[in-house]
Structures are given as C-alpha cells and as structure tokens.
Amino acid sequence: MRTLTISLTPKQAARLQDAVESGDYASNSEIVREALRLWERREELRVLELAQLKQAYDEGMASGEGKDVDRSAFLRALKAERSERD
C-alpha cells in the first residue's frame, strides 16, 4: 500500500481516535478507506444523476414546442381531478 500524509482538524483527529479506541475501527487507515469508498459511491451517484438529468432535458427538448398554460386553470383542473379520486 502507498503511504499518504493528510492534515486533519483537531476535531477530525479526535473523532478518528475515538472511533479506533471504541473498537468501531481497527485503525485510522480503515476509517479513511471507508470514507473514500463512501465518497467514491457518492461521486458515482452524482454522475448517474447528471446523466439522468441530461437525458430528461434531451427528451423534453425533443418532445416539441412548449405551450402557455394558465396557472389558475391548471390548478383548478388538478384539484378537480383529485376530488374525483377521493
């Protein structure tokens, strides 16, 4: 494994030490590796979400011209539809 030096705030260092001393983790390295795995997952999800957003945008653009909607009439229609279901 490669050794890497990182700087932590005193609060972060204390939290790592507490986690190791409590037995939740075997070492500081284990905590950092888990944190990196979580970060990698979050980044992967961000990429997927961005791709979905781009796809939705493309589909919206391909669906044709937009149309003006009267907000009040639209809300009345939604409320009427909901009343019919209830």
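Me: Is Arg 46 buried, partly exposed or exposed, and what is its relative accessible area?

Reply: Please bear in mind that this is a predicted model. A residue counts as partly exposed when its relative accessible area lies between the buried limit of 20% and the exposed limit of 50%. Arg 46 is partly exposed, because its relative accessible area is 45%.

Me: With which residue does Arg 46 form a salt bridge?

Reply: Side chains of opposite charge can pair when their charged atoms come close. Here the partner of Arg 46 is Glu 43, with 3.3 Å between the closest N and O atoms. Both residues belong to helix H2 (residues 28-62), where they are 3 residues apart, about one turn of the helix.

Me: Which other residue forms a salt bridge with Glu 43?

Reply: Glu 43 also pairs with Arg 42, the closest N and O atoms being 3.6 Å apart. Glu 43 is partly exposed at 22% relative accessible area, whereas Arg 42 is exposed at 52%.

Me: How many salt bridges does the structure hold, and which side chains meet at 4.0 Å?

Reply: The structure holds 3 salt bridges. The side chains that meet at 4.0 Å, N to O, are those of Arg 85 and Glu 81. Arg 85 and Glu 81 lie 4 residues apart in helix H3 (residues 71-85), about one turn of the helix. Arg 85 is exposed, with a relative accessible area of 60%, and Glu 81 is partly exposed at 43%. As for shared partners, salt bridges join Arg 42, Glu 43 and Arg 46 into one network.

Me: Which residues make the nonpolar surface patch?

Reply: The patch, of about 560 Å², is made by Leu 4, Ile 6, Leu 8, Val 32, Leu 36 and Trp 39. Leu 8 is in the segment before helix H1 (10-21) and counts as partly exposed, at 39% relative accessibility.

Me: How many residues has H1, and how far does the helix reach?

Reply: H1 has 12 residues and spans 16 Å from its first C-alpha to its last, close to the 16 Å expected at 1.5 Å a residue. After H1 comes Gly 23, which has a positive phi, near 90°.

Me: How many helices and strands are there in the protein, and what is its radius of gyration?

Reply: The protein has 3 helices and 0 strands. Its radius of gyration is 25 Å, while a compact globule of 86 residues would have one near 12 Å. Of the 86 residues, 3% count as buried.

Key
Residues numbered from 1 in each chain as written. Predicted model: local features only at pLDDT ≥ 70, side-chain atom pairs only at ≥ 80, totals over all residues. Heavy atoms only, no water. Patch = residues over 30% accessible without salt bridge, like charges linked within 9 Å, V, L, I, M, F, W, Y side chains within 5 Å. Areas by Shrake-Rupley, 256 points an atom, 1.4 Å probe, with all protein chains shown as cover. Helix = DSSP H or I, 4+ residues; strand = E, 2+ residues; numbered from the N terminus. Buried < 20%, exposed > 50% of the residue type's maximum accessible area, 1.4 Å probe, protein only. Expected span 1.5 Å × (residues − 1). Rg over C-alpha atoms; globule rule 2.2 N^0.38 Å.
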